[in-house]
Amino acid sequence: MTANPFEQAVPVLELIESAGFEAYFVGGSVRDHLLGREIADVDIATSALPEELKQIFSKTADVGIDHGTILVHHAGNHYEVTTFRAEADYSDFRRPDNVSFIRSLTEDLQRRDFTMNAMAMDKDGHIRDPFAGREAIKRREIVTVGNPDERFGEDALRMLRAVRFQSQLAFSIEKQTFASLAVHGHLLQNIAVERKLVEFEKLLAGPGRKEAIQLLVKSGIYQYLPGLDERDSQLISFSSHLTTDLKLEESWVLLLFELGLAQTEIEDFLRGWKLPLQRIKRYKHIHSLLLNRLDNQWTLDSIYKAGLEEAICAEKVAAMLRDKCFKPEKLVELYDMLPIKNRQELAVSGKDVMAWTKKQPGPWLREVLDNIERSVINGDVSNEKEKIKEWLNASNQK
Ligand code: ATP
Ligand code: MG
């Protein structure tokens, strides 16, 4: 999307309106617009039913049609367009059992979580704000639409969303909303990990992340997040080192360290959060580099094995833990000194070694190649075929 995503989407509203329905921008985009923040996606709410929308637009996709959301393609962009709805009959604190489509904007806004997220904007930029969202934004406050006990009882994820918005927007949570959150945290037990993960990672990425982690502890919500029960003191320590310099993966590694998890426990912890295996492997690797870094300086050998990018992550987390300034330059310098960056760059292969020694392949070959690799890295021999051959002969005669 370009600089003004609303402007581009105005024709979508116009098309819906000219078919005789209402249509507005809603949710996060309106909030962010009023806050002067960059707008990610514009969401549209309408009185038209999904079937009616399909008659207006030629290109649509049923992304969440059960909940009244369809994806509309228009002029090279796509928009989530959701029919006004009321949500009734929440059972087991998750999602509404049935969605009833309605024709009233105000009712649709009423089902939304926080007043700052319960505003609509029409195509001319006029704001509909029946729950005083603008006031809340002015006070930089997160307030539920209506009674917080009821709203958190309907969908417990909203509690975690409150804390993630606190982090993302550096707002504070209104007193009554916070008091309710501290009482109903246990309802989060019913919420799918995948949904918690989305909010937790947004929380970790926000400018108010330190305070947000402290709030998770203060409210008791942390007890209902995977692997964090009874980890209050570790979380407080985590928050004290969690600077805004840290990228998402570095924050995870810092958390692993603060929790004092052994290598074997790390996998279980991250699986508990349902992280994909690839990320689990990477975080484990960086965590082991961090442990090594806390006791040792980098060497040519260790940085070669680590890889530059991973080494930089570990170095950064180590710097945060020691309250030191992070300086990657020395690491980069050391890495640049490496004669080879990976095994493929080695001037000799297993074939060469077999030809020289006239021996059949076997476990010995890997050992010899490892030895050559290490010696090249440490500068004992230069990475040239002939030099390596001489060096190998000489070391065999020893
Ligand atoms: P972000 O900028 O992070 O996307 P957002 O406010 O757009 O923030 P979304 O999760 O994209 O958040 O949800 C879009 C809108 O849908 C919200 O602004 C809110 O109005 C509504 N909403 C989302 N989740 C809930 C929920 N659990 N309960 C009530 N309303 C919700
Ligand atoms: Mg959004």
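**A friendly note on this predicted model**

1. Phe84 has a relative accessibility of 0%, so it counts as buried (buried is under 20% relative accessible area, exposed over 50%, partly exposed in between, with a 1.4 Å probe and protein chains only). Before going on, please keep in mind that this is a predicted model: local features need pLDDT of at least 70, side-chain atom pairs count only at pLDDT 80 or more, and totals for chains, interfaces and linings use all residues. Residues are numbered from 1 along each chain as its sequence is written, and side-chain values use heavy atoms, with hydrogens and water left out.

2. Which ring goes with Phe84? The ring of Tyr24 does: the two centres are 6.4 Å apart and the planes make 25°, so the pair is stacked (rings of Phe, Tyr and Trp, the last by its six-membered ring, pair if their centres lie within 6.5 Å; planes under 30 degrees apart are stacked, over 60 edge-to-face, the rest tilted). Tyr24 is buried too, with a relative accessible area of 6%. Because Tyr24 lies in strand β1 and Phe84 in the loop between β5 and β6, the pair ties together parts that are 60 residues apart in sequence (strands are DSSP runs of E, at least two residues, and helices runs of H or I, at least four, numbered from the N terminus).

3. Now to the sheet. Seven strands make up an open sheet with mixed pairing, in the order β3-β4-β5-β2-β1-β8-β9 (two strands pair if DSSP finds at least two bridges between them). β3 and β9 are at the edges with a single partner strand each, so one side of each has no neighbour in the sheet. Helix α1 (residues 5-18) packs on the sheet and touches β1, β2, β4, β5 and β8 (contact means heavy atoms within 4.5 Å).

4. Thr60 stands opposite Val72 in β4. The two strands form a hairpin with four residues between them, and Gly68 in the turn has a positive phi of about 85°.

5. Do look at helix α12 (residues 248-258) as well: nine of its 11 residues are buried, so the helix is largely enclosed by the rest of the structure. Its buried residues, Trp252 and Leu255 among them, pack against α9, α10, α11, α13, α14 and α16. Trp252 also belongs to a cluster in which ring pairs link Phe200, Trp252, Trp273 and Tyr283. Just after α12, Gly260 takes a positive phi of about 65°.

Key. Chains are lettered from A and ligands numbered from 1 in the order in which they are written. Axes are lines fitted to C-alpha atoms, for helices over the stretch in contact, and angles run from 0 to 180 degrees between N-to-C directions.
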